[in-house]
Amino acid sequence: MASIWVGHRGTMQDYPGFSPSVDAEAIRKAIRGIGTDEETLISILTERTNAQRQLIVQAYQAAYGKELKDDLKGDLSGHFKELMVALVTPPAMFDAKQLKKSMKGVGTSEHALIEILTTRTSRQMKEISQAYYTVYKKSLGDDISSETSGDFRKALLTLADGRRDESLKVDEQLAKKDAQILYNAGENRWGTDEDKFTEILCLRSFPQLKLTFDEYRNISQKDIEDSIKGELSGHFEDLLLAIVRCARSMPAFLAERLHQALKGVGTDEFTLNRIMVSRSEIDLLDIRAEFKKHYGYSLYSAIKSDTSGNYEITLLKICGRGLGVWNECHQLRTQP
């Protein structure tokens with residue numbers, strides 16, 4: 001069965017002639033010698049898919065009785081270490097840890113919560129919830145409940161439940177009905193019925209929502225984004241806007257998140273690592289194309305100018321310079 005974490009527009013593909021035991025041995029040598037052979041580590045871990053990296057992890061454990069991630073943690077440092085550990089972590093587990101990190105300590109990183117919960121499929125959310133419980137012995141829902149509040153909490157919990165419809169079929173009558181409900185819940189009344197927004201935006205499929213937003217414009221003569229900005233506020237507003245953008249184009253939404261992580265003073269490595277690793281086998285080619293289209297320069301050059309050392313080299317390998325360049329150009333030319 002195809003993995004739910006793999007799409008057709010990733011930068012990483014299975015490595016031909018792959019041997020987990022050969023890779024495990026090469027990694028062990030790279031870590032054990034005097035000083036670390038980072039080049040070997042990078043070339044192996046960025047040229048294998050996550051499924052292949054999990055087999056390396058198993059081979060490593062079988063041969064040396066140690067967890068590969070623990071040895072990487074002990075031998076590397078800084079953002080490079082975090083990125084390499086992310087690469088050897090199973091996707092659902094990686095997301096579970098990112099969610100925990102975004103809710104840990106003082107304050108909550110709402111942007112990370114929003115980004116993960118709005119961009120994962122229902123099946124992925126179910127896997128993430130399982131992984132979360134396995135590691136932390138607490139349900140994801142319980143932690144979200146204790147770290148957030150109000151309508152924002154309600155919407156996050158609905159998303160965390162993984163109940164969004166995933167069908168690609170759209171229902172025109174339902175779109176008209178939902179658009180009218182949204183209009184009546186916001187623009188067409190005094191005050192706002194937030195529950196209606198949560199219900200429709202958190203449970204309908206993205207293709208269905210796209211059609212609903214078109215119908216909404218017909219009814220209200222306004223874009224749904226403008227209505228949300230006018231009717232709602234705070235993190236709840238941010239969350240619903242993220243859903244609208246994902247429904248319209250998830251790669252464009254993630255390209256925008258990467259742009260924010262890379263622009264200005266300092267880099268948001270937490271976001272950068274998460275998107276680069278989690279989308280590398282799903283739609284990173286499309287994210288790259290959107291990045292170029294919206295910002296006029298490539299994601300590759302943005303990473304190059306904003307990071308350094310082995311961290312930079314690893315990110316650039318994940319980004320994949322030559323891969324799909326024709327596809328990107330072709331896509332940009334053929335986009336309406």
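Modeller: Helices (H or I, at least four residues) and strands (E, at least two) are DSSP runs, numbered from the N terminus. This is a predicted model, in which local features need pLDDT of at least 70 and side-chain atom pairs count only at pLDDT 80 or more, while totals for chains, interfaces and linings use all residues. Residues are numbered from 1 along each chain as its sequence is written, and side-chain values use heavy atoms, with hydrogens and water left out.

Biologist: Which helix gives the most to the lining of the largest pocket?

Modeller: A pocket is an open set of points on a 1 Å grid over the protein atoms alone, with protein on both sides within 12 Å along at least five of seven lines, and its lining residues have an atom within 4 Å of a point. The largest pocket has a volume of about 790 Å³, and of the 29 residues that line it, Thr-121, Glu-166, Met-250, Arg-279 and Ile-282 lie nearest its centre. At least two lining residues come from each of α8, α13 and α15, and the helix that gives the most, with four residues, is α15.

Biologist: And which helix gives the most to the lining of the second largest pocket?

Modeller: The second largest pocket has a volume of about 430 Å³, and its lining of 16 residues has Glu-82, Val-85, Lys-97, Gln-98 and Lys-101 nearest the centre. Two or more lining residues come from each of α4 (68-75), α5 (78-87), α6 (91-103) and α16 (269-279). The helix that gives the most to this lining, with five residues, is α6.

Biologist: Within what arc do the buried residues of α14 fall?

Modeller: Buried means under 20% relative accessible area, exposed over 50% and partly exposed in between, with a 1.4 Å probe and protein chains only. In α14, which spans residues 224-231, the buried residues are Ile-224, Glu-225, Ser-227 and Ile-228. Seen down the helix axis, these residues line one face, because they fall within an arc of 160 degrees.

Biologist: Which residue reaches the backbone nitrogen of Glu-225 with a side-chain oxygen at the start of α14?

Modeller: The buried residues of α14 are covered by, among others, α11 (172-185), α12 (194-203), α13 (206-220) and α15 (234-262). At the start of the helix, the backbone nitrogen of Glu-225 is approached to within 2.9 Å by a side-chain oxygen of Asp-223.

Biologist: How far apart are the C-alpha atoms of Pro-207 and Ala-51?

Modeller: Pro-207 lies in helix α13 and counts as partly exposed, because its relative accessibility is 27%. Leaving aside residues up to four places away in sequence, Pro-207 touches (heavy atoms within 4.5 Å) Ser-167, Leu-168 and Val-170. Ala-51 is 156 residues away along the chain, and the two C-alpha atoms are separated by 29 Å.

Biologist: What is the phi of Lys-137, and is this residue buried or exposed?

Modeller: Most residues other than glycine have a negative phi. Lys-137, in the loop between α8 and α9 (140-147), has a positive phi of about 55 degrees although it is not a glycine. With a relative accessibility of 58%, Lys-137 counts as exposed.

Biologist: What is the phi of Gln-221?

Modeller: Gln-221 sits in the loop between α13 and α14, and it is exposed, with a relative accessible area of 62%. Gln-221 is not a glycine, yet its phi is positive, at about 60 degrees.

Biologist: Which residue's side chain makes a polar contact with the side chain of Asp-268?

Modeller: Asp-268 lies in the loop between α15 and α16 and is partly exposed, at 32% relative accessibility. Its C-alpha atom is separated by 17 Å from that of Val-85, which is 183 residues away along the chain. A polar contact is a pair of N or O atoms within 3.5 Å, where within protein one must be able to donate a hydrogen and the other to accept it, and residues adjacent in sequence count only if both atoms are side-chain atoms. At 2.6 Å, the partner of the Asp-268 side chain is that of Thr-271.

Conventions
The arc is that of the directions from the helix axis to the C-beta atoms. On a 1 Å grid over the protein atoms alone, a cavity is a set of points where a 1.4 Å probe fits but cannot get out, and a pocket is an open set with protein on both sides within 12 Å along at least five of seven lines; lining residues have an atom within 4 Å of a point. Grid points are joined across faces, edges and corners, and a volume is the space filled by probe spheres set on the points.
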